[in-house]
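These notebook entries record what I looked up in one structure. I kept each entry brief and grouped the entries by topic.

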Amino acid sequence: MSVCQYRILARMSTEKETLQRRSQPVPGGQQAPPAQPPSGFTPNPQGANPNGHLQPPLHGANLPSQPQNLPQGGYQQQPQYIYPQVPQYVLPQNPSLSQQPPTGYIRYNLNHPVMFCPTPAPKKSILEAYLLLIVLGLFGGHHFYLRRPVWGILYFFSFGLLGAGWLIDIFRLPVLVSRCNNDASQQNPNLAMKKHLDDAYVLWFPGGFLGLHHFYLNNIGLGVLYLFTFGLFGVGWLIDACLMPYHVKKANSNIPDCIEKSAAATCILAVSPAGLLGAHHYYLNRIGFGLLYTFSFGIFGVGYIVDWCRFPILLKRYNRSKEIGHTSHKHLDDAYLLWFPLGFLGFHHFYLNRPVWGLLYMFTFGLLGIGWLIDLCRMWKLVENCNKEIDERVHLTRNNRSVANPNYIPGQYYGNVPTTTVGGHVSVSYGQFGPCPPGYSNPNPEIYPTQQNGYGSVPGMNDQPPPYEAASIPTKGH
């Protein structure tokens, strides 16, 4: 046996004698309390392993110095030390239980998260739907059953759309049941937002005068207009009978209204009596013509009739201006429209940026009608000259922005180029590298030339052109 084992046996025997001594009765009739083991230590004389050897202490335990020779007549009691016991692993009796977690614990598999699949909604029956349609169809019972609460509320307060919607639902109820079951099985939220042609026509027939079909198709502006004008006095309601497929396709598309205007809406506003007030011009952001139509009652009805034929041109012109940017060009059809009823007052001259001629026509009643007749033949030339002046102004504006650096090369930094203006002349450098920024010296005069008399010279280059003379922007006063 090793020295450690001898020491452990001796300590155990010493503790046993101490416990026996303390358990003896004390004189006086009182019994001493039993000895308590040290904190954190439980004597376990029987804690031997199956091989019959005592368990060795933990590695690194703080043991006392080992004696060279064991005492023969007893061993002096040494200070007690605490030896924590190592828990023993016990194999389970049933091998199948080794793969299961212990009782009272929940195992979470972090590598494979749990997928919660929604429970599919139960399918609807055609028989039950027809039963609700016959009994409670006028109050929207079948729509509530088919998960269409908005339609159910509408039927409830309108008595089945005055009976017309209830009558139409008798023939289209199988389609509604099939659509409800398909939406529930696919679990696609976009299907609930899709608009259907049959629903739009059901709302159009009894409630189209109040704009219900436009509210359903998210055309809020037209819906409000129909609500207060009773379907644009019935004209817009009749037009929608032919344009309903286009309305539905537009509602299901992803084209925002702020980028492209609707041809159907433009047609309805232009042909309906609202066109007399310029509703289609307001819709196409032609505010000036809209106000003119409002105060002149569609330019005395002539412009209102002409717009029946030219509203596709106005729509195409607006959409094109949104694609390429806003343009201020004038158009011949607008000029002629202003010339015929209001040309004696010079409205076409005001439109073509000729305010002096406009005032002259206004106070002379179109130069006693002579100028008004001459403008009929030369209108195309007036429009062409006006557009040329507009293009020149745009071109000069762009040149004035880049006059500080006319030799601009994309991707090359020029810094802040100083410019001086003397007598209307702008002195700039035509060199390849440009001058140094203000406040900095030129480190390489042979590479970066300096300005001399407003010119920049680069070795190996010919004489440079003269300074750029900024032309004054002409003003049209005739």
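This is a predicted model: local features need pLDDT of at least 70, side-chain atom pairs count only at pLDDT 80 or more; totals for chains, interfaces and linings use all residues.

**Entry 1: Met379 and the cores.** Setting aside neighbours within four places in sequence, I found Met379 in contact with Leu332, Ala335, Tyr336, Trp339, His348 and Leu352. I then looked up the largest nonpolar core, which has 17 residues. Met379 and Leu352 are among the residues with the most contacts inside this core, together with Phe289, Ile299, Leu338 and Tyr351. Helices α13 (287–300), α15 (332–342) and α18 (370–401) each give the core at least two residues. The largest share, 6 residues, comes from α18. Apart from this core I noted another, of 12 residues, including Trp151, Leu161, Tyr216 and Leu217.

**Entry 2: overall figures.** I counted 18 helices and 5 strands in the protein. Of its 478 residues, 31% are buried. I also looked up the contacts with a separation of 6 or more: 53% of them join residues 24 or more positions apart. The accessible surface comes to about 31900 Å², and carbon and sulfur atoms account for 64% of it.

**Entry 3: salt bridges.** I found 14 salt bridges in the structure. In one of them, the side chains of Asp198 and Arg172 meet at 3.2 Å, N to O. Asp198 lies in helix α7 (residues 197–207) and Arg172 in helix α5 (residues 164–186), so this pair ties together parts that are 26 residues apart in sequence. Arg172 also meets Asp199 in a salt bridge, at 2.5 Å, N to O. Asp199 lies in α7 and Arg172 in α5, so here the parts tied together are 27 residues apart in sequence.

Arg172 counts as buried because its relative accessibility is 7%, under the 20% limit. Asp199 is buried at 1%, while Asp198 is partly exposed at 23%. I noted that Arg172, Asp198 and Asp199 belong to a network of salt bridges that also links Arg148, Asp169 and Arg179.

I looked up one further pair, Lys388 and Glu384, whose closest N and O atoms are 3.6 Å apart. Both residues lie in helix α18, 4 residues apart, about one turn of the helix. Lys388 is partly exposed at 43% relative accessibility, and Glu384 is partly exposed at 31%.

**Entry 4: nonpolar surface patch.** Which residues make the nonpolar surface patch of about 1100 Å²? I listed Leu131, Ile134, Val135, Leu136, Phe139, Phe144, Ile153, Phe156, Phe157 and Phe159. The elements that give two or more residues to the patch are α2 (126–136) and α4 (149–162). Ile134 is found in helix α2, and Ile134 is exposed, with a relative accessible area of 64%.

Entry 5: Leu162 is placed in helix α4 and counts as exposed at 74% relative accessibility. Phe300 lies in helix α13 and counts as exposed at 59%.

**Entry 6: cysteines.** How many disulfides does a search of the whole structure find? I found 0.

Conventions
Residues are numbered from 1 along each chain as its sequence is written. Side-chain values use heavy atoms; hydrogens and water are left out. Patches are made of residues with over 30% relative accessible area and no salt bridge: like charges are joined within 9 Å, nonpolar side chains (Val, Leu, Ile, Met, Phe, Trp, Tyr) within 5 Å. Accessible areas come from the Shrake-Rupley method with a 1.4 Å probe; for residues, only the protein chains shown count as cover. A salt bridge is a side-chain nitrogen of Lys or Arg within 4 Å of a carboxyl oxygen of Asp or Glu. Buried means under 20% relative accessible area, exposed over 50%, partly exposed in between (1.4 Å probe, protein chains only). A disulfide is a pair of cysteine sulfur atoms within 2.5 Å. A nonpolar core is a set of buried Ala, Val, Leu, Ile, Met, Phe, Trp, Tyr and Cys residues joined through side-chain atoms within 4.5 Å. Contact means heavy atoms within 4.5 Å.
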